[in-house]
Amino acid sequence: MTTATAVKTEYEAIIGLETHCQLSTNTKIFSSSSTAFGADPNTNIDPVCMGLPGVLPVLNAKVLEYAVKTGLALNCQIARYSKFDRKQYFYPDLPKNYQISQYDLPIAEHGWLEIELVDDAGNPIRKRIGITRLHMEEDAGKLVHAGSERLSGSSYSLVDYNRAGVPLVEIVSEPDLRSGQEAAEYASELRRIVRYLGVSDGNMQEGSLRCDVNISVRPVGRKEFGTKVEIKNMNSFSAIQKAIDYEIERQIAAIEAGERIVQETRLWEEGSQRTSSMRVKEGSSDYRYFPEPDLAPIEVTDVELETWNSELPELPAQKRHRYEDELGLSPYDTRVLTEDRSVTDYFESAIASGANPKAAANWITQDIAAYLNKQKLTISEIGLTPTNLADVITRIETGKISNAQAKEKLADLLSGVSPETAFAGQELISDPTVLEPIVDEIIAANPQQVEKYRGGNTNLKGFFVGQVLKKTNKRADPKLTNELVEKKLNA
């Protein structure tokens, strides 16, 4: 009698992100209060953001500009006509009991963002993630729960309205992501873009960039989506990946056990590395949207659109493609170089000053990066200018100094010492007529090592090269020294 082997069901995750990005304007979206982070609680407030009777909001023009530029950078269609709506909900951090947002006519729709992962062989894997919409809205305040990170278990709660009215764009992706790694990379790329644009600092620790994840699982091959669950409270890309990976396993285990997945909002608990239920998820009907009566509709003119489009910088994905295709850099190098715009600008300035692109990339991604990490500095804070880095690289490539000499003087160079001063009197000896007598002297002084070398221990060549370098205070040209030592030993 044969027993049929049960076939294990394979599942796939369907993931979409809702990302709230604070815009780096000096004042709030509808009033003149400061948006500065870190002010004393409830000092950056005014009658408009508090929703007091008789006040009227006025749209900050910079918010519209930043929202349109972000939409263009995300390859979205910009709405020539859009409007604001009131989103009703009642919570202590929302002083007006409604939020001014955009509902059915957002400022931007139907875009995409390219993510790039690297496989085990170092090859780039690129994937386009659809952008459903981008809309403007105001932020809420912040609740601080005493004695607990959550309302449950706290002894009392404090509210700070400084953040109320800070301008946001909410960016909603299509459900095109399939893993925690893809989602984390999507959020990382989004942060790179807004930082390149200069519209946001993207600081997750300060709440400038906040991601909510919608995730469901389904058997591979099934078209219908499973029941989605929202995850909140993730303040790093690592947390996004871990929360998604945990939730995928939790949902699969529940389905396999015959349990029903409930549409709900869950929180990521960093300490226990798991998600926990927060509340049953509201639907759009619960918010009772209606057009904001105190704000006129928004119209984007041809002149505004053309001007803002012309001001867009070359974006991270475009730079990665160019660095790989035109400069021959590896996917790893391009990702490190384009992570931060200040690093990108430094690299491109070094190239413009004559540096070999690959050599410049190596110095920036290795030695300079290690120094920055150790000293907790940014590249704009070091004394080694891009021009001086190009000078150092040119000296190495033209044989004036060795790579080892440059690394020895790296600390001096990074502190601001010029290459001329750092390498004064240290140019390499590249004249064979000068080096040959020194090589002969070293060989003559070490007959036992010569005999061992000629007896088959060819690794001893390094000993002789080292002695020559020591004799010349490391000024002997390493390549020429190797050639001369080998020639003499094999004579």
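Which residue just after α5 takes a positive phi?

A: Happy to. Just after α5, the residue with a positive phi is Gly328, at about 70 degrees. A word on the source: this is a predicted model, in which local features need pLDDT of at least 70, side-chain atom pairs count only at pLDDT 80 or more, and totals for chains, interfaces and linings use all residues. Residues are numbered from 1 along each chain as its sequence is written, and side-chain values use heavy atoms, with hydrogens and water left out.

Now the helix. α5 covers residues 316–326; helices here are DSSP runs of H or I with at least four residues, strands are runs of E with at least two, and both are numbered from the N terminus. Buried in α5 are Pro316, Ala317, Lys319, Arg320, Tyr323 and Glu324. Seen down the helix axis, these buried residues fall within an arc of 160 degrees, so they line one face of α5. That arc is taken from the directions from the helix axis to the C-beta atoms. Asp325 and Glu326, on the other side of α5, are exposed. (Buried means under 20% relative accessible area, exposed over 50%, and partly exposed in between, with a 1.4 Å probe and protein chains only.)

What covers the buried face? The cover of the buried residues includes the helices α2 (180–197), α6 (331–338) and α7 (341–352), along with the strands β6 (108–118) and β7 (124–138). Contact here means heavy atoms within 4.5 Å.

Those two strands lead us to a sheet. β6 and β7 belong to an open sheet of nine strands with mixed pairing, in the order β2-β6-β7-β10-β1-β11-β12-β13-β14. At its edges stand β2 (77–78) and β14 (274–280), each with a single partner strand, so one side of each has no neighbour in the sheet. Two strands pair if DSSP finds at least two bridges between them. In general, strands of a sheet pair through backbone hydrogen bonds, either parallel or antiparallel. β2 and β6 run antiparallel and are joined by two bridges, and Gln77 stands opposite Glu109 in β6.

There is another sheet to look at too. This open sheet has three strands in the order β5-β4-β15, with antiparallel pairing. Its edges are β5 (98–101) and β15 (290–291), each with a single partner strand, so one side of each is left without a neighbour in the sheet. β4 (residues 85–88) is joined to β5 by four bridges, and Lys87 has Gln99 in β5 as its bridge partner.
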